[in-house]
Amino acid sequence: MKIDEINRRIAELRTSIDLLKSIKQDYINKDKGEAFINALDDGIRYTQQRLETYKTSNWVMLDE
């Protein structure tokens with residue numbers, strides 16, 4: 001996998017995290033249900049884990 005493609009995917013994951021955080025804040029401001037906010041928290045955590053796993057595994061592969 002090329003560095004440009006890895007950087008693009010990492011940027012997409014970071015953008016997804018930012019969007020989820022923005023949606024979560026909007027839900028908090030509009031006093032939406034706790035279930036929605038918890039689901040967004042789960043989505044943020046999952047996406048952050050994917051980002052860290054992706055960065056680590058793919059950058060390690062590049063060093064070989």
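1. Helices (H or I, at least four residues) and strands (E, at least two) are DSSP runs, numbered from the N terminus. Thr47 lies in helix α2. The model is a predicted one, in which local features need pLDDT of at least 70 and side-chain atom pairs count only at pLDDT 80 or more, while totals for chains, interfaces and linings use all residues. Residues are numbered from 1 along each chain as its sequence is written, and side-chain values use heavy atoms, with hydrogens and water left out.

2. Thr47 is buried, at a relative accessible area of 8% (buried is under 20%, exposed over 50%, partly exposed in between; 1.4 Å probe, protein chains only). Its side chain reaches the backbone oxygen of Gly43 at 2.8 Å. Residues up to four places away in sequence aside, Thr47 touches Leu13, Ser16, Ile17 and Leu20, where contact means heavy atoms within 4.5 Å.

3. The largest nonpolar core comprises seven residues: Ile6, Ile10, Leu13, Ile17, Ile44, Leu51 and Tyr54. Such a core is a set of buried Ala, Val, Leu, Ile, Met, Phe, Trp, Tyr and Cys residues joined through side-chain atoms within 4.5 Å. Two or more residues come from each of α1 (3-29) and α2 (34-63); α1 gives the most, with four. Neighbours within four places in sequence aside, Leu51 is in contact with Ile10, Leu13, Arg14 and Ile17.

4. The structure holds one aromatic pair (ring centres of Phe, Tyr or Trp, the latter by its six-membered ring, within 6.5 Å; planes under 30 degrees apart are stacked, over 60 edge-to-face, the rest tilted). Tyr27 and Phe36 form this edge-to-face pair, 5.6 Å centre to centre with 75° between the planes. Tyr27 is partly exposed at 24% relative accessible area, and Phe36 is partly exposed at 48%.

Terms used: A polar contact is a pair of N or O atoms within 3.5 Å; within protein, one must be able to donate a hydrogen and the other to accept it, and residues adjacent in sequence count only if both atoms are side-chain atoms.
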